[in-house]
Amino acid sequence: MPDTTPGPSTLLPALPPLSAQAELLIELGVHEIAGLSAGEIRDFAAETDSEGALLAVHPDRAPASAVAPLLRRDGKPGFVVVDMPDVDAFTPCAVELPDAPLYVVTGLDRGDHMGNWSPDEALPALTKEDRTPLLLTEGIHWVLQQPEALERNRCFMTIGSRLRKTDGSLDARTPAIWISNGTGRDGRERRNAPKVGWCWWNNRHTWLGFASTTGRRP
């Protein structure tokens with residue numbers, strides 16, 4: 001059992017201003033994926049006063065399968081592992097999202113101090129600290145805006161997204177974002193590319209923290 005005393009994660013540079021984040025989403029075509037105009041995203045950024053926050057698009061508007069390929073590392077696009085064709089079925093679990101196409105995520109933390117914890121161990125610790133885990137799409141948006149948030153041996157899980165099965169139980173897979181080694185079905189050409197994959201709910205990984213937030217607001 002890991003030490004359950006939360007500690008500080010590695011400090012990352014401040015996120016770009018919301019106006020700059022909006023321009024990147026427009027440049028990447030995320031507004032078109034979401035069925036929004038460029039003006040709507042620019043207006044939201046201009047009217048929202050939230051320094052250091054992340055601009056996110058609701059997963060119903062921009063699902064993980066559509067935005068993961070926009071990630072870049074060493075000039076290589078991001079991808080979803082082949083054995084996760086149901087990636088978009090991983091929806092918010094015990095996380096309340098604003099009822100709006102655009103919202104901001106505040107107080108981001110990569111959860112480095114939770115490396116070698118299982119999701120089952122990390123979730124109650126986050127809750128105790130009044131934090132909620134990131135959704136997969138929020139994690140993707142974070143790496144889009146701040147590529148240095150994804151480092152070798154310091155990648156992260158996004159356990160705010162879970163797949164609920166037809167019998168009402170939760171799938172044991174939990175989504176994560178890390179860096180491909182170019183092995184197995186990833187293919188050598190994908191070595192060092194950003195990768196959306198999954199881990200088991202009760203497993204621990206020394207190189208995976210648990211990304212979380214202090215809140216979300218429209």
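This is a predicted model: local features need pLDDT of at least 70, side-chain atom pairs count only at pLDDT 80 or more; totals for chains, interfaces and linings use all residues.
Biologist: Which residues of helix H3 are buried?
Modeller: H3 covers residues 38–47. Seen down the helix axis, its buried residues fall within an arc of 135°, so they line one face. On the other side, Ala 46 and Glu 47 are exposed. The buried ones are Ala 38, Ile 41, Phe 44 and Ala 45.

Biologist: What covers the buried residues of H3?
Modeller: The cover includes both helices and strands. The strands include S1 (54–57) and S6 (102–106). The helices include H1 (18–28) and H2 (30–33).

Biologist: How far apart in sequence are the parts tied together by Arg 42 and Glu 23?
Modeller: Arg 42 forms a salt bridge with Glu 23, and the closest N and O atoms are 2.6 Å apart. Arg 42 is partly exposed at 39% relative accessible area, and Glu 23 is partly exposed at 35%. Arg 42 lies in helix H3 and Glu 23 in helix H1, so the pair ties together parts separated in sequence by 19 residues.

Biologist: Is Asp 74 buried or exposed?
Modeller: The side chains of Asp 74 and Arg 73 meet in a salt bridge, at 3.9 Å from N to O. Arg 73 has 23% relative accessibility and counts as partly exposed. For Asp 74 the relative accessible area is 57%, and the cut-off for exposed is over 50%. Asp 74 is therefore exposed.

Biologist: Why do the buried residues of helix H5 line one face?
Modeller: H5 spans residues 119–128, and its buried residues are Pro 119, Glu 121, Ala 122, Ala 125 and Leu 126. They line one face because, seen down the axis of H5, they fall within an arc of 150°.

Biologist: Which strands are included in the cover over those buried residues of H5?
Modeller: Strand S7 (132–133) and strand S8 (155–157) take part. So do strand S10 (173–179) and strand S11 (194–200). The cover also includes strand S12 (208–210) and strand S13 (212–213).

Biologist: Which residue just after H5 takes a positive phi?
Modeller: H5 runs over residues 119–128. Just after the helix, a phi of about 60° belongs to Asp 130.

Biologist: What is the relative accessible area of Glu 121, the salt-bridge partner of Arg 204?
Modeller: The closest N and O atoms of Arg 204 and Glu 121 are 2.7 Å apart. The pair links distant parts of the chain, 83 residues apart: Arg 204 sits in the loop between S11 and S12, and Glu 121 in helix H5. Arg 204 is partly exposed, at 37%. Glu 121 is buried, with a relative accessible area of 13%.

Biologist: Which residues do salt bridges with shared partners join into one network?
Modeller: The structure holds 10 salt bridges. Those that share partners join three residues into one network: Asp 86, Asp 171 and Arg 173.

Biologist: Which are the edge strands of the five-strand open sheet?
Modeller: The order is S4-S11-S10-S8-S12, with mixed pairing. An edge strand here pairs on one side only. The edge strands are S4 (79–80) and S12.

Biologist: What is the bridge partner of Cys 155 in S12?
Modeller: S8 and S12 run parallel, joined by three bridges. In S12, Cys 155 has as its partner Leu 208.

Biologist: About what angle does the direction of H6 make with that of S10?
Modeller: H5 packs on the sheet, touching S8, S10, S11 and S12, and its direction makes about 30° with that of S12. H6 also packs on the sheet, touching S8, S10 and S11. The direction of H6 makes an angle with that of S10 of about 10°.

Biologist: Which residue in S11 stands opposite Pro 175?
Modeller: S11 is mostly covered, with six of its seven residues buried. Opposite Pro 175 stands Trp 198.

Biologist: Which residues does Gln 145 touch, leaving out those up to four places away in sequence?
Modeller: Gln 145 belongs to helix H6 (residues 136–145). Gln 145 is buried, with a relative accessible area of 8%. The residues touched are Leu 15, Pro 16, Gln 21, Leu 24, Leu 25 and Leu 54.

Note on methods. Residues are numbered from 1 along each chain as its sequence is written. Side-chain values use heavy atoms; hydrogens and water are left out. Buried means under 20% relative accessible area, exposed over 50%, partly exposed in between (1.4 Å probe, protein chains only). Helices (H or I, at least four residues) and strands (E, at least two) are DSSP runs, numbered from the N terminus. The arc is that of the directions from the helix axis to the C-beta atoms. Contact means heavy atoms within 4.5 Å. A salt bridge is a side-chain nitrogen of Lys or Arg within 4 Å of a carboxyl oxygen of Asp or Glu. Two strands pair if DSSP finds at least two bridges between them. Axes are lines fitted to C-alpha atoms, for helices over the stretch in contact, and angles run from 0 to 180 degrees between N-to-C directions.
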